[in-house]
Amino acid sequence: MDDCEETRPLLVNDEHTDEDRSEQDSYLDKVKNGKLYIATFAAVLGPLSFGFVLGYSSPAIPELSKIQDPRLQLSTEEASWFGSVVTIGAALGGLLGGWIVEKIGRKLSLMLCALPFICGFTIIIAAQNHWMLYVGRVLTGLASGVTSLVVPLYISETAHERVRGTMGSCVQLMVVIGIMGAYITGLFLDWRWLAVASSIPPTLMLVCMCFMPETPRFLLSQGKRREAEEALRFLRGPDAPTEWECARIEEAYKNEEQSFSLADLKDPGVFKPLGIGIMMMLLQQLTGINAIMFYAETIFEQAHFKSSDVATVIVAATQVVFTAIAAAIMDKAGRKILLILSGVTMCVSEAVFGVYFKLTVNHNNSSLASLLTDAQGSLAEQPPTDLAWLAVGSMGLFIAGFALGWGPTPWLVMSEIFPTRVRGLGSALCVLTNWTCAFIVTKTFQNLMVS
């Protein structure tokens, strides 16, 4: 089996003859996408929950740092752990998800991961000390790790090629909507009630997924052809001849059903997509996106920007808009061009934000600066009002750039490139890489801001 065939998207072979292409187009013309969209919406309630987890720390940390109860008050070091410990749970969740998704299926994995979401937020709501806060964050991180692996896989195995790119981009779109939801809710609710609000999306996911089908690909791997045809009939509508697609999936599965062994790592069809997936996840986190989203409000406070909580909402809204744009153009523009455009935009915007910090933040690194600070109070720390726009503008540009390419694309590519026999292992290694790097970035970032 050659490389292209080995790494083709799940439901479709990329190397069709003209006759095959014509037959496929005829089939897809009869497909109705209504229930596919419903199934996708039910699944992406997981990434929405995941977004609330990521966004929760930004409004919660400033409040917990000032709270009067000494059992809950967070120091700078404790705040950095509160923000970053969720990524440890997510890394573990990625490993766990790679195993359970092959054992119990995509649907049940999604329903199961709703439980640590709900339990984690419940522990945070009832928290009486720091350790309860940490445990709650680890549990919600665990669920996030499973979700970040299972949802792209569920969508890639239920969507057909005409909408797979758009549906796959909805994963990142719902994550950023969740982050914005946490920021907006944090404007009006304290940290306990924010945790209550954050537990609503996973509860809805648990209920909605009860009525959604398992993926046809997994059902066929379990020898359940009749159930697979019923699932396809649900997803494609009554007019599509689902037996044709079912036969194609079954044929692809039989060609790839051999089990994985370490010797397969020598196969270019295995190690090339594995290397690409891991590198894309590594680069995504090295952009620093999770540090920015975890500590957005703190960053603006450090930059002496007034109304830092409102600024974080503006930045999150920017991310939602541009992630939606990426979802709409992903299949037309192509993954590569969006990644290049995204990288250049982030590079420029971070340089501009660095200039803003240089111009406005008093580092007090000389005795003369200290003397001036003592004499003039906080005057030296106030940024020129005509530069305030630079902070929000540069941060918004960074988020827009990330959302266009490096946000959704690595997760989408991860769900597409792996051969069947290594899909669970490959996805787990990618998620583990992503969240391990996220932990290093988020844990050190808070300390770097203080130093």
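1. A residue is called buried here when its relative accessible area is under 20%, exposed when it is over 50%, and partly exposed in between, with a 1.4 Å probe and protein chains only. By that rule Arg-236 is buried, because its relative accessibility is 0%.

2. The structure is a predicted model, in which local features need pLDDT of at least 70 and side-chain atom pairs count only at pLDDT 80 or more, while totals for chains, interfaces and linings use all residues. Residues are numbered from 1 along each chain as its sequence is written, and side-chain values use heavy atoms, with hydrogens and water left out.

3. Arg-236 belongs to helix α11 (residues 225-236), where helices are DSSP runs of H or I with at least four residues, numbered from the N terminus. Its side chain forms a salt bridge with Glu-245, the closest N and O atoms being 2.9 Å apart; a salt bridge is a side-chain nitrogen of Lys or Arg within 4 Å of a carboxyl oxygen of Asp or Glu. Glu-245 is also buried, with a relative accessible area of 3%, and the side chain of Arg-236 reaches the backbone oxygen of Thr-158 at 2.7 Å.

4. The structure holds nine salt bridges, and one of them joins the side chains of Arg-106 and Glu-157 at 2.7 Å, N to O. Arg-106 lies in helix α5 (residues 106-125) and Glu-157 in helix α6 (residues 130-158), so this pair ties together parts that are 51 residues apart in sequence. Arg-106 is buried at 3% relative accessibility, and Glu-157 is buried at 0%.

5. The salt bridge between Glu-227 and Arg-226 spans 3.8 Å, N to O. Here Glu-227 is partly exposed, with a relative accessible area of 31%, whereas Arg-226 is exposed at 54%.

6. The largest nonpolar core has 101 residues, of which Tyr-56, Phe-82, Leu-110, Leu-133, Trp-191 and Trp-435 touch the most other members; such a core is a set of buried Ala, Val, Leu, Ile, Met, Phe, Trp, Tyr and Cys residues joined through side-chain atoms within 4.5 Å. Helix α3 (residues 34-66) gives the largest share of this core, 15 residues. A second, separate core has seven residues, including Leu-220, Ala-231, Leu-232 and Cys-246.

7. Helix α4 (residues 76-103) has 28 residues and reaches 42 Å from its first C-alpha to its last, close to the 40 Å expected, the expected span being 1.5 Å times one less than the number of residues. After α4 comes Gly-105, whose phi is positive, near 100 degrees.

Notes:
Helices (H or I, at least four residues) and strands (E, at least two) are DSSP runs, numbered from the N terminus. A polar contact is a pair of N or O atoms within 3.5 Å; within protein, one must be able to donate a hydrogen and the other to accept it, and residues adjacent in sequence count only if both atoms are side-chain atoms.
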